[in-house]
Amino acid sequence: MRRISRITVAGAATASLALALSACGGTSTSASSSDSKGDKGLAIAYDVGGKGDQSFNDAAFAGLEKAKKEFGYQTDDVEPTEGETDADKEQRLVSLAKQGYNPVIGVGYAYAAAVKGAAEKFPNTTFGIVDDSTVEAKNVADLVFSEEEASYLAGVAAAKTTKTNTVGFVGGVDIPLIHKFQAGFEQGVKDTNPKVKVLSQYLTQTAEEGGFSSPDKGKSAAEGQIEKKADVVYAAAGLSGQGVIEAAAANKVWAIGVDSDQYNQAALAKYKDSILTSAMKDVAKAVYNLAKSVEEGKPETGIVRGDLKTGQVGLSNSNPKFADDTEVQEAIKTAKEKIVKGEIKVKTS
């Protein structure tokens, strides 16, 4: 199917710019050799923390695995390196495109410059970037989410669950993306119970300092908030969030996970009874959908947003204690309906 769809699309490329953007392969001069392979599909390049973070990157990998199984093609996933530059990231994407992978996705906002550069070099390859909306190119899909909406619901859950009227937020890096998580969470808490205090903290100012990749930093921050009576702590910190969950379990308070359903992550199994819920964004679906669109010869481009209305952000119900709490679930349901209808405008900063 993939081989036929690629040849068909490439043959029609001269008739329509839209169809030209659907063609697969490497640069315009190497497209024919890439098409002749017919067996290379989705490739992803991981963000800080890499595969095994039980969160953001693992969600992207789940999307890759689904595409691989459904389309039966060759895939690849590549780890980041410590202290790498934008040029290093771009070379990684260029290498994948040159090998004939299509689409090629940079997982994380840090790939913005790299995706822009690689997309210019390989105009017949579709590129994707997760969590960034700044790359404007005809062969690039900006896969973004309304994280603040899921975080608002997490705030509702926290405010309804706390016994001390104090909850915590731990952000990995002090950047606009994570500000969305904080803003939504704090608004959800305050709208639900104005008496609840929110303690908010960022681990680092830059990703290079380890804000998304240091469980020890997350653990220390959570312990500090728990000492100040926080009995529900929400982490938007990638791999560092594992430390927050560990601290919550050790102190017998609740943690709220992020991005993936962390209650069901194998590496966090011994802590799962302390994971109230997770504010999820379906990175797996976004990654898979981009691969599917390329497979069908109609690649997604521009801003592709997942939100509560599309069902691509929300809260997990895996923990039975959370799922069976009627009062909490009713409050979340009401808040969700109001957000979808536009009756509640969730802040992003």
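Predicted model: local features only at pLDDT ≥ 70, side-chain atom pairs only at ≥ 80, totals over all residues.

The largest nonpolar core comprises 62 residues. Within this core, the members that touch the most others are Leu 42, Ile 44, Ile 178, Phe 185 and Tyr 234. Helix 7, spanning residues 147–161, is the element that gives the most to the core, contributing eight residues. Because both domain 1 (41–145) and domain 2 (147–280 + 319–341) give residues to this core, it lies between the two domains.

Leaving aside residues up to four places away in sequence, Ile 178 touches Phe 169, Gly 171, Gly 172, Val 173, Tyr 202, Phe 212 and Ala 236. Another core, of 21 residues, lies apart from the largest one and includes Val 170, Ala 248, Val 253 and Ala 255.

The structure contains one cavity of 30 Å³ or more, and the largest cavity has a volume of about 180 Å³. Its lining consists of 17 residues, with Phe 56, Ile 178, Phe 212, Gly 238 and Asp 259 lying nearest the centre.

Helix 4 (56–71), helix 8 (176–192) and strand 9 (254–259) each provide at least two residues of this lining, and helix 8 supplies the largest share, three residues. Domain 1 and domain 2 each contribute at least three residues to the lining of the largest cavity.

Conventions:
Residues numbered from 1 in each chain as written. Heavy atoms only, no water. Core = buried A, V, L, I, M, F, W, Y, C linked by side-chain atoms within 4.5 Å. Buried < 20%, exposed > 50% of the residue type's maximum accessible area, 1.4 Å probe, protein only. Helix = DSSP H or I, 4+ residues; strand = E, 2+ residues; numbered from the N terminus. Domains from an automatic or database assignment. Contact = heavy atoms within 4.5 Å. 1 Å grid on protein atoms, 1.4 Å probe; cavity = no way out; pocket = protein on both sides within 12 Å on 5 of 7 lines; lining within 4 Å. Points joined across faces, edges and corners; volume = space filled by probe spheres on them.
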